[in-house]
Amino acid sequence: MNTAKWLVRREFWENRAIWLIPTVFGGLLVLASLFGGYQVLGVADLATVRTVVQAGALDGMMLIATAFFSVMSIYSTWYLLDCLYADRRDRSILFWKSMPISDTATVLCKLGVALIVVPAVYFVLADLTTLMMAFVISVRASAYVGSTLWRGELWLQIQALWLYTIVTAAVWYLPVAGWLLLVSAWAKRAVILWSILPLLALAVAERVFLGTHVIWRLQDARLWGYLAHAFQYPPGSANWVTTVIGHDAITTPVDLWRFFNPAGFFASPQTWIGAAVGAALIFGAIQLRMRRAEI
Amino acid sequence: MPALIDARELTKKYGAHVALDRANFTVESGRIVGLIGPNGAGKTTALRAILGLTSYEGQLQVLGREPLRERAALMHDACFIADVAVLPSWLRVDHAIDFVAGVHPRFRRDRAMALLAKTQIGGKRRMRELSKGMKTQVHLALTMAIDAKLLVLDEPTLGLDILARSAFYDALVNDYMDETRTILITTHQVEEVENLLTDVLFIDRGRIVVDSSLDDIANRYAAVAVATQHLEAARAEKPFFERRMLGKVVLYFEQPNLEKLAEFGETHTPSVADLFVAKLSGGAA
């Protein structure tokens with residue numbers, strides 16, 4: 001356990017971008033809320049504006065969470081590709097391997113950093129950003145916003161969204177992470193290319209020789225199927241609120257609770273088949289890590 | 001007591017290239033062994049196998065363990081510097097110490113600090129700001145502060161100036177070495193380590209060609225500087241190497257008959273460096 005703590009600290013020393021990127025990103029959002037112009041909607045009717053803000057508050061917070069999560073996904077992808085490659089390239093692997101730390105511990109720690117620690121850092125910084133923005137907006141536009149943004153239940157939903165997404169995305173994207181680790185442990189150069197080309201080549205070969213699209217569909221379903229598996233979108237006026245302003249209508253969710261689909265996600269065979277494939281790929285990455293020292 | 005390192009038929013192939021060719025050797029506890037060979041002879045491959053950094057064929061036991069499968073456990077009792085200047089550029093000196101102290105149960109922080117204090121390298125500096133020699137000193141301080149049974153050093157003083165080199169070897173022998181430790185060291189600067197080694201392993205094209213303690217060298221090898229008129233008679237004794245110097249020819253013999261050789265000139269025990277040249281310069285004369 002102590003070793004794991006030091007392995008994670010070491011990742012923070014090496015990859016200051018883990019917290020620098022979300023800090024800068026959050027800082028820019030806060031600056032935008034501080035100095036950005038805002039426009040009161042076409043109708044000057046205060047009651048309507050308040051209704052819109054009320055309905056849109058959750059939407060706005062989700063938008064910030066989504067933006068942070070997107071940046072995090074890109075960063076984690078890059079991190080996974082680099083983490084078993086960088087120390088082979090600069091030969092510092094010869095130092096790390098002189099420590100009494102197994103390759104299994106090393107690889108699993110890096111996996112944990114990418115899937116749990118980095119998302120958690122983004123979660124905390126997204127929360128801080130949202131808090132500061134809510135404060136700034138509440139002060140600057142107090143006439144319109146009032147205390148709309150300070151509802152505990154609203155914040156609780158966002159916390160739940162983050163935690164639920166971190167856990168489910170970590171499971172769903174395990175095969176992707178495993179593949180990236182495998183490439184990172186194996187490639188002698190051009191990790192980005194190696195992470196994409198073999199998969200593309202497989203899909204193209206299947207198309208050319210068999211005329212089918214199974215591999216392509218599998219890859220596509222894994223990359224973009226997450227939302228459809230982890231969340232549900234129940235229809236009907238009980239779940240969505242439509243606010244009419246003049247000629248426009250904004251439809252927003254009533255709350256987030258009804259959109260989480262943990263039962264469906266964890267009961268889906270796709271979730272567990274993917275996790276099993278991920279575990280196999282991670283095992284492969286550990287075996288490669290054992291046998292490959294420097295490039 | 002079993003040998004600290006026991007290699008049987010140790011073989012490593014890279015495609016068609018055979019880096020280690022059924023090498024057999026043992027290293028006993030309490031020795032300072034020099035693994036000596038020309039570039040590309042298989043020194044580094046042998047060290048990598050011993051340290052669990054590469055796969056191999058044949059049998060290999062280090063401290064009773066199988067290095068590749070049990071590297072983490074092996075590293076509790078063995079430490080190494082496999083190459084110079086491999087500390088990552090982003091690492092800070094104080095973080096490096098914290099890290100090793102955090103993960104290595106046999107690391108003694110006070111000893112590392114004492115070693116570093118002699119170098120005037122500040123704790124807040126990153127490796128990328130240090131010269132190659134300074135990086136080596138940091139790495140040596142980290143490694144020598146580990147209470148290990150086996151220390152493996154691959155060209156440890158490369159990039160150090162002559163003062164730092166001699167200081168390093170002094171520290172190695174006087175402060176670090178004791179009867180509980182074993183050191184395996186590779187270098188191509190044979191002269192530099194000659195006086196501290198207790199054993200030598202010569203490796204050439206993947207094979208061990210000499211495996212001897214330094215004391216044994218005197219019994220097993222002899223060199224004679226022969227004047228030209230005795231040359232033919234001396235050659236009849238089957239030297240394995242001859243070398244011309246200053247109007248004489250130095251002949252090198254294995255399992256020498258010293259009385260017989262004395263007839264041709266004064267015999268002496270070759271230095272490790274001379275023996276190395278003699279053994280690896282392409283076989284018998």
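View 1. In helix 4 (residues 109–117) of chain B, the buried residues are A112(B), L115(B) and L116(B). Here, "buried" means that 20 or more other C-beta atoms lie within 10 Å of a residue's own C-beta atom, "exposed" means 12 or fewer, and "partly exposed" is anything in between, with C-beta atoms placed from the backbone. Looking down the axis of helix 4 of chain B, you will find its buried residues within an arc of 100 degrees, so they line one face of the helix. That arc is taken from the directions that run from the helix axis to the C-beta atoms. A helix can do this because an α-helix has 3.6 residues a turn, so residues three or four places apart point the same way. On the other side of helix 4 of chain B, D110(B) and A117(B) are exposed. The cover over the buried residues of helix 4 of chain B includes helix 3 and helix 5 (132–144) of chain B.

**A note before the next views.** This is a predicted model, in which local features need pLDDT of at least 70 and side-chain atom pairs count only at pLDDT 80 or more, while totals for chains, interfaces and linings use all residues. Residues are numbered from 1 along each chain as its sequence is written, and chains are lettered from A and ligands numbered from 1 in the order in which they are written. The pLDDT is the predictor's confidence in each residue, from 0 to 100. For chain B its mean is 89, and 98% of the residues reach 70 or more. The model scores ipTM 0.90 and pTM 0.91. Helices (H or I, at least four residues) and strands (E, at least two) are DSSP runs, numbered from the N terminus.

**View 2. Strand 3 of chain B, covered on both faces.** How many of the 5 residues of strand 3 (residues 32–36) of chain B are buried? The count is 5 of the 5, so strand 3 of chain B is largely enclosed by the rest of the structure. I32(B), G34(B) and I36(B) are buried on one side, and V33(B) and L35(B) are buried on the other. In a regular strand the side chains alternate between the two faces of the sheet. Two strands count as paired if DSSP finds at least two bridges between them. Strand 3 of chain B runs parallel to strand 7 (residues 182–186) of chain B, joined by 4 bridges, and I183(B) in strand 7 is the bridge partner of I32(B). Strand 8 of chain B also runs parallel to strand 3 of chain B, again with 4 bridges, and there V200(B) stands opposite G34(B).

**View 3. An open antiparallel sheet in chain B.** This sheet has 4 strands in the order 11-12-10-13, with antiparallel pairing. Its edge strands are strand 11 (241–245) and strand 13 (267–268) of chain B, each of which pairs on one side only. Strand 10 (residues 221–226) and strand 12 (residues 248–254) of chain B run antiparallel and are joined by 6 bridges. Look for A225(B), which stands opposite V250(B) in strand 12 of chain B.

View 4. Chain B is divided into domain 1 (5–205) and domain 2 (216–280), with bounds that come from an automatic or database domain assignment. Their C-alpha centres lie 34 Å apart. The contact takes 8 residues from domain 1 and 6 residues from domain 2 of chain B; two residues are in contact if their C-beta atoms, placed from the backbone, lie within 7 Å. On the domain 1 side, helix 7 (190–193) and strand 8 (199–204) of chain B each give two or more residues. Strand 8 of chain B gives the most to that side, with 3 residues.

**View 5. Where chain B meets chain A.** Here 25 residues of chain B are in contact with 21 residues of chain A. Helix 2 (71–77), strand 5 (78–81) and helix 3 (93–103) of chain B each supply at least two residues of the chain B side. Which of these elements gives the largest share of that side? That is helix 3 of chain B, with 5 residues.

**View 6. P175(A) and its neighbours.** P175(A) sits in helix 9 (residues 174–186) of chain A. P175(A) is buried, with 21 other C-beta atoms within 10 Å. Leaving out residues up to four places away in sequence, P175(A) touches R222(A), G274(A), V277(A), G278(A) and L281(A). P175(A) and R222(A) are 47 residues apart in sequence and 8.5 Å apart in space, C-alpha to C-alpha.
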